[in-house]
Amino acid sequence: MGLKLGDIAPDFEQDSSIGRIRFHEWLGNSWGVLFSHPADFTPVCTTELGFTAKLKDEFDKRDVKAIALSVDAADSHVEWIKDINKTQNTQVNFPILADEDRKVSDLYDLIHPNANDTLTVRSLFVIDPNKKVRLTITYPASTGRNFNEILRVIDSLQLTDSHKVATPANWQDGDEVVIVPSLKDETEIAQRFPKGYRAVKPYLRLTPQPNR
Ligand code: BEZ
């Protein structure tokens with residue numbers, strides 16, 4: 001049974017491209033993005049890890065630490081990182097877990113035997129500072145993920161954690177947001193959303209993004 005939203009992301013100790021990592025200790029009070037890929041020295045994975053490295057400033061702005069994983073060995077990761085840096089014109093600035101014994105793969109259900117019985121799928125978990133799983137996605141080996149979408153979800157999570165709002169379809173940072181349906185008190189609404197709101201329907205109330 002895979003991890004569900006709201007579950008505590010399992011802690012573990014595992015080797016990586018930068019040495020041994022104790023996961024919860026390594027996360028500290030930051031947000032985390034743990035993502036698995038099928039194998040080192042493969043084309044789609046090379047682009048995914050290169051793109052993630054280029055997003056370092058965006059991850060830092062949001063206090064997010066990225067960590068990748070496959071079942072390859074740490075020395076393989078270290079060799080592959082040289083290729084990623086060269087071909088993707090970047091510097092990999094996050095660790096890659098070397099899950100040779102599949103300890104983490106088992107904890108996070110990263111091997112889907114009916115897709116491939118030895119390689120990890122492209123799963124990704126967003127983990128909040130309380131170590132709760134806030135987003136899970138799983139893509140097939142043949143499809144690289146959209147890491148801009150991961151940033152968009154993190155923006156939504158960080159915004160909606162601190163304001164009584166939710167974000168509509170295709171929302172981007174700075175767009176209008178919706179007032180949560182449970183908030184009915186007009187005095188509180190006026191305090192929380194001094195720029196006002198427009199009610200398309202009683203249950204669909206749009207307001208300018210409150211932290212802007
Ligand atoms: C890739 O990263 O390109 C890849 C890995 C495994 C299967 C298919 C593609």
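Mentor: In this predicted model, a polar atom of the N93 side chain lies 3.0 Å from the backbone oxygen of Q91. The backbone oxygen of A53 also lies 3.0 Å from a polar atom of that side chain. N93 sits in the loop between α4 (74-88) and β5 (96-98). Leaving aside residues up to four places away in sequence, N93 touches A53 and K56. A66 is 27 residues from N93 in sequence, with the C-alpha atoms 8.8 Å apart. N93 is partly exposed, at 35% relative accessible area.

Now the charged pairs. Side chains of opposite charge can pair when their charged atoms come close. The structure holds 18 salt bridges.

One of them joins E48 and R122, at 2.9 Å from N to O. E48 belongs to helix α2 (residues 43-54) and R122 to strand β6 (residues 122-127), so this pair links distant parts of the chain, 74 residues apart. E48 is buried, at 3% relative accessibility. R122 is buried too, at 2%.

E79 and K82 form another salt bridge, with the closest N and O atoms 2.8 Å apart. Both are in helix α4, and because they are 3 residues apart, about one helical turn separates them. E79 is partly exposed at 40%, and K82 is partly exposed at 47%.

K164 and E188 also meet in a salt bridge, 3.1 Å from N to O. K164 lies in the loop between α6 (147-162) and β8 (165-166), and E188 in helix α7 (residues 186-192), so the pair ties together parts 24 residues apart in sequence.

Finally, a network of salt bridges links E13, D15, R20, R22 and E25.

Notes. Residues numbered from 1 in each chain as written. Predicted model: local features only at pLDDT ≥ 70, side-chain atom pairs only at ≥ 80, totals over all residues. Heavy atoms only, no water. Helix = DSSP H or I, 4+ residues; strand = E, 2+ residues; numbered from the N terminus. Buried < 20%, exposed > 50% of the residue type's maximum accessible area, 1.4 Å probe, protein only. Contact = heavy atoms within 4.5 Å. Polar contact = N/O pair within 3.5 Å; in protein donor to acceptor, adjacent residues only side chain to side chain. Salt bridge = Lys/Arg side-chain N within 4 Å of Asp/Glu carboxyl O.
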